[in-house]
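Morning, everyone. Please look at the screen, and we will start with the aromatic rings.

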Amino acid sequence: MTRINYLIQVADLAPSGWEISLGCLFVYSFEPIQSNQPCIRPAMSASKIEAKSPAAILAIGPTNPANCHYQQDYPDFLFRVTNNDHMTELKDKFKRICEKSNVKKRYLHITEEILKANPNICRYKAPSLDPCQDMMIPEVPKLGKEAALKAIEEWGQPISNITHLIFCTSSCVDMPGADLQLVKLLGLDPFVNRFMIYLQGCFAGGTALLKYK
């Protein structure tokens with residue numbers, strides 16, 4: 001009997017557009033009811049399979065970019081790299097916002113070196129979409145791989161048992177998408193059932209979870 005094993009990947013940017021807030025992979029599994037009809041794996045559709053047992057979260061693998069900024073230091077960093085240290089009143093206001101946010105750390109992909117090489121990212125209303133996309137398109141799947149490997153290790157099953165992959169991101173738009181890149185990075189079966197979801201924002205995690213049903 002085939003067991004349906006999902007990898008649900010969520011990797012997204014925070015509202016600031018600078019930081020990847022979380023790359024997290026969930027492994028789901030359920031066992032379909034036996035059928036006398038032959039089942040061809042590449043054409044298997046979860047929406048058409050009746051589950052014999054309920055799905056369960058079997059593993060979770062979170063990961064973040066390497067660059068960590070403490071919230072208390074973030075206003076100094078932000079106003080320095082954007083050349084706005086002279087806006088002291090606005091900076092004080094932003095410091096108060098940061099203090100009341102209850103956020104302790106921020107994980108960024110970008111560094112000051114990257115910002116210096118791409119100055120439009122720090123300029124108000126300057127065109128910066130292309131350099132941001134050029135950075136995120138390769139980096140988001142790499143973040144996904146790190147999260148996936150952690151979850152798969154906790155899951156304790158071989159990668160070859162994975163039958164479905166759902167990848168959700170608002171960080172980048174690319175065709176072929178981050179789902180295919182993750183398949184290559186993990187060495188998944190090229191016939192694994194893939195579903196890509198873009199630009200869901202704060203709904204990303206919930207949308208991905210609903211899709212597997």
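How many aromatic pairs does a search of the whole structure find? Three. Rings of Phe, Tyr and Trp (its six-membered ring) pair if their centres lie within 6.5 Å; planes under 30 degrees apart count as stacked, over 60 as edge-to-face and the rest as tilted. Take Tyr74 and Phe94: the ring centres are 6.1 Å apart and the planes sit at 50°, so this pair is tilted. Tyr74 is in helix α1 (residues 74-81) and Phe94 in helix α2 (residues 88-100), so the pair ties together parts 20 residues apart in sequence. Helices (H or I, at least four residues) and strands (E, at least two) are DSSP runs, numbered from the N terminus.

A note on the source. This is a predicted model: local features need pLDDT of at least 70, side-chain atom pairs count only at pLDDT 80 or more, and totals for chains, interfaces and linings use all residues. Residues are numbered from 1 along each chain as its sequence is written, and side-chain values use heavy atoms, leaving out hydrogens and water.

Back to the rings. Tyr74, Phe77, Phe79 and Phe94 make one aromatic cluster. Is Tyr74 buried or exposed? Buried, with a relative accessible area of 2%. Buried means under 20%, exposed over 50%, partly exposed in between (1.4 Å probe, protein chains only).

Six of its eight residues are buried, so α1 is largely enclosed by the rest of the structure. Those buried residues are Tyr74, Pro75, Phe77, Leu78, Phe79 and Val81. After α1 comes Asn83, with a positive phi near 55°.
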